[in-house]
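Please keep the sequence and the structure in view while reading.

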Amino acid sequence: MVTNLQDDQDDQDAQDSQDTPAPQHAPEAPDTPPPGCPAHAARLYGPDFRRRPDETYQRIRQDSGPVAPVLLEGDIDAWFVLGYRETRQVLSDTETFGRDPRRWNGWDSVPPDWPLTPWVAYSPMMTFTEGEEHQRRATAASEALATVDPFVLRGHCERLADQLIDKFAGSGRADLVYDYIYSVPTLATAELFGLSQDEAGLEALAAGLTMSFLSNEEAIAGQQRVAAYVTELVRAKRADPGPDLTSRFILNTPDLTEEQHTADVMVLMAAALPLTSYWIGNTLRLMLTDERFAMTLSGNRRSIGEAMNEVLWADSPLQNLIGRYATRDTDLGGRHIHAGDLVVLGLAAANADPLLWPDSPVGHAGNHSHVAFSGGDYGCPAGGPETARIIAETAIEVLLDRVPDLTLAVAPDELRWVDSFWYRCLESLPVTFSPAPVTAG
């Protein structure tokens, strides 16, 4: 079975140290029992966590400091890193914190139907590779992404967005999650990766990727369906390459097997599709509920770009990342980590570290040193975050241009969130607006 989530890279690491002052050093937390002790381990699952993960992170930080013992779905032990400085340390120290899950000393306690298995159990994905092997495959992916013309991609997304808006513009209401937020990235992904434009097939792909990141029994089945779909795509492109990302990556890595090609293309799609959709959804929710981004013609509205950046800081689509395993005994944030321990990176929690923002509240405008895309040597291939930004920004711009008086159709606290340990994303986003004409053609 093919498994594991794209470990996205912050492509502005070189600028990060200039964008954000280094956080103050936290006092060392007292040594505690190993992770899993009921008196010390918080649960990163359940209805409370799903509804308000930020409150869960805040409680963990107050009780346990920047590195804390936690329980994942099924009460599986792990260390949770929620300090910004400690997160950067793990991301940069590839010698101490590796990515091969076969190192994990907790596999004996994992049930066969564990919902996090699809993106944690070992497979030939590039996200489990290390050292020279990782560098070689990540470079091949970056070279493929470098061939994407941003102007062509933006124009393509504008056309897709207009076509989708035409379907609901005249009704004066829509559920943006189902009618728009998923659809724009799905269709853009199809174009980028050379997928068939068959609507049913694309919907199945998007649904499978979404299901694979759920925290329930559907996750494994969803990931398996995606693997079958991508296997057929890879076979076709290996036999008859075209001007698409799939073909370019295959041509850049002629020594990889079909299984490895399938795994790596799945990684790239997982980053391109769910993450971009959720970035769109969380940004629209912010703009619909925060008066600083009020969608009026009165002027002084903060920009779409500012809203998108604030979401990466304050409501990150990718909340948590499994994929670091201690290669040796070490200390981190005042905790003693044993060789083989699982380390979970709390990306959203790290971005909210109060030691990073001692004079809260502060603005995030112009500051790109967040860890919403992970970072470090084992981050995602260069070009991935920028491709996602173009798709998301274009989708939001076209929507607000076509229907500028969008209004949330329910109270903000009535919005419900998908049950996912990995992502922060809405189940639905119902809106109303003045009926708008369809575009010509």
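Six strands make up an open sheet of mixed pairing, in the order β1-β2-β3-β9-β6-β4. The edge strands, each pairing on one side only, are β1 (42-43) and β4 (97-98). The model is a predicted one, in which local features need pLDDT of at least 70, side-chain atom pairs count only at pLDDT 80 or more, and totals for chains, interfaces and linings use all residues. Residues are numbered from 1 along each chain as its sequence is written, and side-chain values use heavy atoms, with hydrogens and water left out.

**Terms for strands and helices**

- Strands (E, at least two residues) and helices (H or I, at least four residues) are DSSP runs, numbered from the N terminus.
- Two strands pair if DSSP finds at least two bridges between them.
- Contact means heavy atoms within 4.5 Å.
- Axes are lines fitted to C-alpha atoms, for helices over the stretch in contact, and angles run from 0 to 180 degrees between N-to-C directions.

- Strand β4 runs antiparallel to strand β6 (residues 320-326), and two bridges join them.
- Glycine 98 has tyrosine 325 in β6 as its bridge partner.
- Helix α3 (residues 53-64) lies across β1, β2 (67-72), β3 (76-81) and β6, and runs at about 130° to β2.

**The three-stranded sheet**

- Three strands form an open sheet with antiparallel pairing, in the order β5-β11-β10.
- Its edge strands are β5 (173-175) and β10 (407-408), each of which pairs on one side only.
- Two bridges link β10 with strand β11 (residues 430-432) in the antiparallel sense.
- Threonine 432 in β11 stands opposite threonine 407.

**Helix α6 and its two partners**

- Helix α6 (residues 150-166) packs against helix α16 (residues 384-402) at an angle of about 40°, and their axes are 9 Å apart.
- That angle makes α6 oblique to α16; angles under 35 degrees count as roughly parallel, over 145 as roughly antiparallel, 65 to 115 as roughly perpendicular and the rest as oblique.
- The crossing of α6 and α16 is right-handed; a crossing is right-handed if the near helix is turned clockwise from the far one by less than a right angle, and left-handed if anticlockwise.
- Residues making this contact include Leu153, Cys157 and Ile165 of α6, together with Ile390, Thr394 and Val398 of α16.
- The residues of the α6 and α16 contact comprise nine nonpolar, two polar and eight charged; Ala, Val, Leu, Ile, Met, Phe, Trp, Tyr, Cys and Pro count as nonpolar, Asp, Glu, Lys and Arg as charged, and the others, Gly among them, as polar.
- Helix α8 (residues 183-193) also packs with α6, at an angle of about 135° and with the axes 10 Å apart.
- This makes α6 oblique to α8, and their crossing is right-handed.
- Among the residues that meet are Leu160 and Leu164 in α6 and Val184 and Leu187 in α8.
- The contact of α6 with α8 has nine nonpolar, two polar and one charged residues.

**Helices α5 and α11**

- The axes of helix α5 (residues 131-145) and helix α11 (residues 245-252) come within 9 Å and cross at roughly 140°.
- The two helices are therefore oblique to each other, and the crossing is right-handed.
- In α5, Arg137, Ala140, Ala141, Glu143, Ala144 and Leu145 meet Leu245, Arg248, Phe249 and Asn252 in α11.
- Six nonpolar, one polar and three charged residues take part in this contact.

**Confidence in the model**

- The average pLDDT (the predictor's confidence in each residue, from 0 to 100) is 85 for the protein, and 86% of the residues score at least 70.
- Confidence is highest in strand β7 (residues 330-332), at 98, and lowest in helix α1 (residues 13-19), at a mean of 43.
- The pLDDT is below 50 over residues 1-36, a stretch with 127 contacts in the model beyond near neighbours in sequence.
- Where pLDDT is low, the predicted coordinates should not be read in detail.
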